[in-house]
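Keep the picture handy as you read.

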Amino acid sequence: MIEVTRLSGSTVILNADLIEKIEATPDTVITLTTGACFVVKESVSAIVGIVIEYKARILNPALGSQDHRSLMVLHGSELE
């Protein structure tokens, strides 16, 4: 689940697994596979980052939101 901010300033929690697409129109619009759409304040790249962080925490529960060491291993030269 990810938290995003609506244009009104209220927050909403979305199931990241249900995101079908994210568009900049220029407002950022998140469309879910259910057909629901949310216009949010975060940029497309910020939402992608939030989803990546969420997925990383799911794959490695020991990874805190402020601890990116496991992400560095996944993207670092140790795997090359």
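Read along the sequence, the chain goes β-β-β-β-β-α-α. That gives you five strands and two helices to find in the picture. Bear in mind that you're looking at a predicted model. Of the 80 residues in the chain, 26% are buried. The chain exposes about 5300 Å², and carbon and sulfur atoms supply 57% of that. If you take the contacts between residues at least 6 apart in sequence, 28% of them join residues at least 24 apart.

Let's begin with the strands. β1 (residues 2-5) runs antiparallel to β2, and four bridges join the two. To spot the pairing, look for Ile2, whose bridge partner in β2 is Leu14. Together β1 and β2 make a hairpin with five residues between them, and Gly9 in that turn has a positive phi of about 100 degrees. β2 itself has two faces: Val12 and Leu14 sit on the covered one, while Thr11 and Ile13 sit on the uncovered one.

Next along come β3 and β4, which pair in the antiparallel sense over five bridges. Three residues link β3 to β4 in a hairpin. In the loop between these two strands you'll find Pro26, and the peptide bond from Thr25 to Pro26 is cis, with omega near 10 degrees.

How much of β4 is covered? Five of its five residues are buried. Thr28, Ile30 and Leu32 point one way from the strand, Val29 and Thr31 point the other way, and all are buried. β4 also pairs with β5, again in the antiparallel sense, this time over four bridges. Ile30 has Phe38 as its bridge partner in β5. The β4-β5 hairpin has four residues between its strands, and Gly35 in the turn has a positive phi of about 100 degrees.

Now for the charged side chains. Side chains of opposite charge can pair when their charged atoms come close. How many salt bridges does a search of the whole structure find? The search finds three.

One of them joins Asp17 and Lys55, with 2.2 Å from N to O. This pair links distant parts of the chain: Asp17 is in the loop between β2 (11-14) and β3 (19-24), Lys55 is in helix α1 (residues 44-59), and the two are 38 residues apart. Asp17 is partly exposed, at 49% relative accessible area, and Lys55 is partly exposed too, at 32%.

About one helical turn separates them, because they are four residues apart in helix α1. Glu53 is partly exposed at 23%, and Arg57 is partly exposed at 30%.

What about a charged residue without such a partner? Glu42, in the loop between β5 (37-40) and α1, is buried yet has no salt bridge. Which side chain of opposite charge is nearest to Glu42? It's Lys41, and that one is 8.4 Å away. A salt bridge needs the nitrogen within 4 Å of a carboxyl oxygen, so Lys41 doesn't qualify as a partner.

Leaving aside its neighbours within four places in sequence, Glu42 is in contact with several residues, including Val4, Thr28 and Ile50.

Asp27 lies in the loop between β3 and β4 and is partly exposed, with a relative accessibility of 39%. Asp27 and Glu42 are 15 residues apart in sequence, with 8.9 Å between their C-alpha atoms. Not counting residues up to four places away in sequence, Asp27 touches Leu7 and Val39.

Technical notes:
Residues numbered from 1 in each chain as written. Predicted model: local features only at pLDDT ≥ 70, side-chain atom pairs only at ≥ 80, totals over all residues. Heavy atoms only, no water. Buried < 20%, exposed > 50% of the residue type's maximum accessible area, 1.4 Å probe, protein only. Lys, Arg positive; Asp, Glu negative; His and termini not counted. Contact = heavy atoms within 4.5 Å. Areas by Shrake-Rupley, 256 points an atom, 1.4 Å probe, with all protein chains shown as cover. Pairing = 2+ DSSP bridges.
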